[in-house]
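Q: I am new to this structure and would like to learn how to read its features. Could you guide me through it?

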Amino acid sequence: MKTLSKTYFPTLLNIQKAANRLDGIIQHTPLSKSMIYSNKYDASILLKREDLQNVRSYKIRGAYNKIASLSSTEKQKGIVCASAGNHAQGVAFSCNKKNIHGTIFMPSTTPQQKIEKVKWFGESNVTLMLVGDTFDDAKKKALKYSNETQKTFIHPFDDPQIIEGQATIGLEILEQTSQPIDYLFLPVGGGGLAAGVSEVFKTLSPNTKIIGAEPKGAPSMHTSLQKNCTISLESINPFVDGAAVKKVGELNFEICKSNLDNMLLIDEGALCSEILELYNKEAIVVEPAGALSLSSLAQYSQEIKGKNVVCIVSGSNNDITRMEEIKEKALLYNQLKHYFLVKFPQRSGALRQFVVDILGPNDDITHFEYTKKNYKEKGTAIVGLEIKNKNSLETLIDKMKQNGFFGEYLNNKPLLMETLV
C-alpha cells in the first residue's frame, strides 16, 4: 500500500473540489440552535446535524469523495474497506451509486442495525465479511485481502481524499452562520473528521478554539498527543464503536497535533446520559460516538458562557437493542443504580422487612437473585436498586448494616459485578 507523507495538510482548493464532487450526493445538514443546551450552558449552542445525513453519519462524505476519485482501472477491480459501521455504510452507498463492487470487513461485534444498513445501502454491489472483535481486527483482515486481490483499500480516516471529504463539513458550518464561532467541539475516532474540519477552521476561522473528544476507553489520539507520536493501544473498550480505534491515522495525527487546542476524554457513562438527554429533551437519536461533542460541554461550562459554540453531532446509527445497556450505564454513572450482596435471614418475612424498613419510598428493586438454602442462618441475594437521589445511598447502606442485611457493595468492584450480574 502506498506510504502517505506525514507532511500532508488538506488545501482549501482540494476541499472545495470535494464539496463540488459531493454536490447532489450528500445532504447539506442543518446547523440548528439548541435552546435547551443554550439555556443549560448560558451560551449559544449550535448543533451540526450530521445524524441527518443520508447514511445517518458524516462518513459518506469521505467515502464517496475517495471512491469517486479512483481511476477507471481501480473502479473496475473493486474496492475493500474495514469499518466499525458508519464508514461501511458510506462505502456501501458509494459502491451502489457508482456501480462498483466492494468487499467490506466489519467486526463481529458490530451492532445489527449497522450491519443491516450496510446490506441495504450496498445491495448486490457489496459483500460483507464479519471478522474479529474490533475495528483493528477487521482492518488487518481487509488489508491482507486487499493485497491478495489488488483491490483498492478505502481507509476510513487516514487518506487525503477521506480527510478532504470530511472537511466539507467545516465549509458548510462557516457558510451557515454569519456569527463568529468561539468554540468548535468535534468527536475523534481515527481523526479524519477532526483533521479535515480543523484545517478549514484554522484557515478560515483562526480564532475558533477547536476541542476534540474521544472515549475514555479508547484514548488513542489523547495518548498519541501526549507522547508526540502515534501510539497503538494494546486494548480498547469497543462500546463507543464509531470512535474506538487502537491507533489514529498518521496523517490525521500530524494535522490534529497542529490544529487542536485540547483533547478531552469522555466517560462512556457520561455519553449514555447524554444520549438519553438528547432523546428525552430534543427528540434526537444518536449513537455513542454521536454524543461525544455534546458530552464535552460540561468540562467547558465556565469557558463557553456567553460564547458561540458549535457541536458536531456525528451519527445516529444506534441499535435499539442497546438502549437498556445505555440506560444502565447512565444510571450507574449518575450514581442512581447500585448493586449489593444482601444477607437475608432465612425466615418468613425477611424480604418484607427489607422492603419496609430498609428501602426508601422512592427506591426501586430492579434486580433480584436469591435461592433459599437449608441449614444456613442467612442466604445471600444479589440485589440491584435504583434510587432517585444519589445522596441517599449512604443512609441506605447504614440501614442495611444496622439491620444485619449488608453483605457487599458491588459498584466499586466491576469485575465481581460483571461476574454476578
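Q: To begin with, what share of the contacts in the protein chain with a separation of 6 or more links residues 24 or more positions apart?
A: A contact means heavy atoms within 4.5 Å. In the protein chain, 75% of the contacts with a separation of 6 or more are between residues 24 or more positions apart. The model is predicted: local features need pLDDT of at least 70, side-chain atom pairs count only at pLDDT 80 or more, and totals for chains, interfaces and linings use all residues. Residues are numbered from 1 along each chain as its sequence is written, and side-chain values use heavy atoms, with hydrogens and water left out.

Q: How many helices and strands are there in the protein chain?
A: Helices (H or I, at least four residues) and strands (E, at least two) are DSSP runs, numbered from the N terminus. The protein chain has 17 helices and 14 strands.

Q: What does the radius of gyration of the protein chain agree with?
A: This radius is taken over C-alpha atoms, and the globule rule is 2.2 Å times the number of residues to the power 0.38. Because a compact globule of 421 residues would have a value near 22 Å, the 24 Å of the protein chain agrees with that rule. The C-alpha trace spans about 80 × 50 × 40 Å along its principal axes.

Q: What percentage of the residues in the protein chain is buried?
A: Buried means under 20% relative accessible area, exposed over 50%, and partly exposed in between (1.4 Å probe, protein chains only). Buried residues account for 54% of the 421 in the protein chain.

Q: Why is strand β4 described as largely enclosed?
A: Five of the five residues of β4 (residues 102-106) are buried, so the rest of the structure largely encloses this strand. In a regular strand, side chains alternate between the two faces of the sheet. In β4, G102, I104 and M106 lie on one side and T103 and F105 on the other, and all are buried.

Q: Which strand pairs with β4 over four bridges?
A: Two strands pair if DSSP finds at least two bridges between them. Strand β3 (residues 79-82) pairs with β4 in the parallel sense over four bridges, and C81 stands opposite I104 in β4.

Q: Which residues stand opposite F340 in β13 and in β14?
A: Strand β11 (residues 337-345) has eight of its nine residues buried. β11 pairs with strand β13 (residues 378-386) in the antiparallel sense over nine bridges, and the bridge partner of F340 in β13 is V383. β11 also pairs with strand β14 (residues 406-409) in the antiparallel sense, over three bridges; there, Y409 stands opposite F340.
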